[in-house]
Each structure stands twice: as C-alpha cells, then as structure tokens.
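Dear colleague,

I am passing on to you the structure we spoke about, and below it you will find some notes on what turned up when I went through it. Please keep it open beside you while you read.

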Amino acid sequence: MSPLPQPALRRVRPGLVAIAAVAAVMTAGVLPSSPAAAAPFPPRAEDLLLDDGPRAGGAPSGISTLSDTWTTPWGISFLPDGNTALVTERNTGEVFEAGRDGSRRRVGKVPNAVWSLEAQDKGGLLGVAVPPTWNGTTDRDVFFMETTATDNRVVRMDFDGTSLSGYTPVLTGIRRDTQHNGGNVVFGPDGYLYVTTGDAFEGRLAQDKDSLNGKILRITRTGEAAPGNPFGTRVYSYGHRNPQGLAWDSAGRLWETEIGHQTYDELNLIEPGRNYGWPTCEGSCDAAGTTNPKQVWKPGEGGVPAQIAVVDDVIYASTLRGRRLWALPIDSSGKNVKSATSYYDSQYGRLRALVKVPGADELWLGTSDRGTDKDLLLKVTVR
C-alpha cells in the first residue's frame, strides 16, 4: 500500500467518541463459544451454540462471568502465586485484587491519573505489572502506567498483599494526548519492564529515536535503560502509532498489537532495534528499513485490537471496535501466524483487558466502556 502523508491527520474513529452504557448484563455460568458470525448484543441463545468444527491450534471452549460491577478494567497482572491478580480501572484510578474464585477487593488508588468522558480525555489509569519476585514483604513493588494532567508516566507503589501505599514516579515526561497514550507495562521473561507508548497524535515522534513516544521501551525498575538495549537508550523498538498489547510465546518471542490510523491495525513480531514504519507505513509497505506486520485488520472489520495473550502458541487478541476475541495460531516457523478465527463477535461489547491465567489453559478477558459498574471480567477456557 502507499505510504500515508505526513503529518497524519488527527482522527477519532466512530464508536470511540460516544461511549454508551450497555443495557443488559450477561448471565453468569459457562456459555459455549461461537466463532466468526456476528451476533447482536446482548446475544440470542441461538448465537451461543458451540461449533465443534476443526481448529488450527487451540480454541475457546467456554466463557463465564468471573466477576461484575467493573468500570472499564484496563490492565491485569497476576501475583506470583497465580491465584489472584491486580486489576486497574481506567476511569476511576482504582486498583482491585481479583481472585480465581470470583472475589474482588479494592486495594487502593493510583494518584494523579486523569480521565474525562466530557472532555474526551481517555488516558486515566492504564497498565499494571507485578514483578515475578514480588512477595509482599522484602519485595513489595508493583508498577503502573498512568496519564496525568501533564504526561504519561510509569510509577511504582508498595503493595503488601492488603493495600497500596507510597507513590514513586519511575519514568516521566512521556508526551500525552487525549488518546494515543499506549499504556501497557509488562515484565518480560528477562525480568525487565516493557512499556508501550503512543505517538500522542504526533507521528514524527515515532521515528525520533530520542523521543519516548511511539515506542516500545525496555527499562529497569528504576526507569533506566535496560542492559543490552539496541541503541543504549530506553528504546527497544520504534515506528509505532499506538501500541497496546504485549505477550511472549513459548520461544520467548515478543508479539504486539497496535491501533492504526484509517486503514489497518496490526499484529507485529517485535525484534530489538526494528522500525515498524509509522507514520510512513500503515500496515505493510516497501519503505526501506521498515518491518511489516504479521497480521492486519481493517478497523471496521473486526479491528482496533487492544491486548493479547498467548496460550500454547496461539495468540489471542481482544478488540475494541471489533468487539470480538481473535485467535491466531503461530506457525511452525515461529515468525508468522496462521489464519485468524474470531469468537464472541458483538456478544459482550468492546473487549480490552486480557491475560493468560498462570498454570491453566484459561484467559481473563475484560469488557470495556459499558458504563459505571457495568463491565465484566470474563473467564475463557481454552481447549
């Protein structure tokens, strides 16, 4: 495809401006999955019949409501025991501990997060990352990314297993906007923090290797550049518009979902130092020195991906405008994906938060933007 003109037009997609509360809450209990075919919201019973046809790789086999009364859950990070996770709410700045038994308990609030529906300022409290070494005593650090009134930043707080306390900025000065803030923060297999940052509606920043915007960053717990980074800075990869989900496969390869502009959203295989093309490229292009995506979606045809998780080398991607969960098996080369299959199309509304449950073939999946106390945390069983 031809490159986009620079600078890119500032555009808000239909469906992202007006956030409507959804009238019905899904009934708890296991519901079989149904692939591909669009369904009204809330779903009809006939739309929930299980298709037992052959699948490439794994596939969801059931879905149930784990807990309700959420307000836009954004990030989920499990504690090392694998039984409970910290969950952030974008709009409220609140943090909860959610259990695999369906329990839900408020543990505190991250200060300074800014979100406003009236002003269409959709930053707020974003990702959360619990270190694999957290134990609540000698290691009580947990990390968040938030949009404040002045910037996007990574912050550290203390969590003793009961409540949050303290507030230490770790990395500040990431340019913010009403959208395009990135927002994910995840510990990689190497023990370092990976952070997604948006271009803040200034596409040129994505190509500026001295800027923190439009990047995937790799940092230490104190916010410094992690050892071995390709440019000796915090930058791990660049040329991103609004990177969202991060997840590693069984071979330690990093995959990323990214919200595009008007034509294509992307699934990328991330390698250190690579340029992923924005704003010259949206989707695949032949610009010298750029790396093409492994999968693209049209925004109005199941796209606008949010977060990803990997189970048995199948990549699962939640979508906002697409209102579905995609499954993309990684092929035998480990560098590409097979044909994508979608599930739960329009059955739960916009889908965002997504994580694999440790030690189980199971996903936690959060709905988004259904209204105050109307979102759900869903449990998806993968066969």
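Leu325 stands opposite Tyr343, a residue of strand 21, and in this predicted model strand 21 pairs with strand 20 in the antiparallel sense, over three bridges. Both belong to an open sheet of four strands, whose order is 18-19-20-21 and whose pairing is antiparallel. Strand 18 and strand 21 (341–343) each have a single partner strand, so they stand at the edges, and one side of each is left without a neighbour in the sheet. On average, neighbouring strands of this sheet are turned by 25° against each other, if direction is ignored.

The largest nonpolar core holds 19 residues, and the ones that touch the most other members are Tyr316, Tyr344, Tyr348, Leu354 and Leu363. Among the elements that give two or more residues to this core are strand 18 (305–311), strand 19 (314–319) and strand 20 (325–329), while its largest share, four residues, comes from strand 24. Another core, of 16 residues, lies apart from it and includes Phe143, Val170, Leu171 and Phe187.

Finally, please look at Arg218, which lies in strand 12 (residues 215–219). Is this residue buried or exposed? Arg218 has a relative accessibility of 9%, and because buried means under 20%, it counts as buried. Its side chain makes a polar contact with the side chain of Tyr194, at 3.1 Å, and the side chain of Arg218 also reaches the backbone oxygen of Pro227 at 2.7 Å. Beyond its neighbours within four places in sequence, Arg218 is in contact with several residues, including Asp190, Glu224 and Tyr236.

With best wishes

Note on methods. Residues are numbered from 1 along each chain as its sequence is written. This is a predicted model: local features need pLDDT of at least 70, side-chain atom pairs count only at pLDDT 80 or more; totals for chains, interfaces and linings use all residues. Side-chain values use heavy atoms; hydrogens and water are left out. Buried means under 20% relative accessible area, exposed over 50%, partly exposed in between (1.4 Å probe, protein chains only). A polar contact is a pair of N or O atoms within 3.5 Å; within protein, one must be able to donate a hydrogen and the other to accept it, and residues adjacent in sequence count only if both atoms are side-chain atoms. Contact means heavy atoms within 4.5 Å. A nonpolar core is a set of buried Ala, Val, Leu, Ile, Met, Phe, Trp, Tyr and Cys residues joined through side-chain atoms within 4.5 Å. Two strands pair if DSSP finds at least two bridges between them. Axes are lines fitted to C-alpha atoms, for helices over the stretch in contact, and angles run from 0 to 180 degrees between N-to-C directions.
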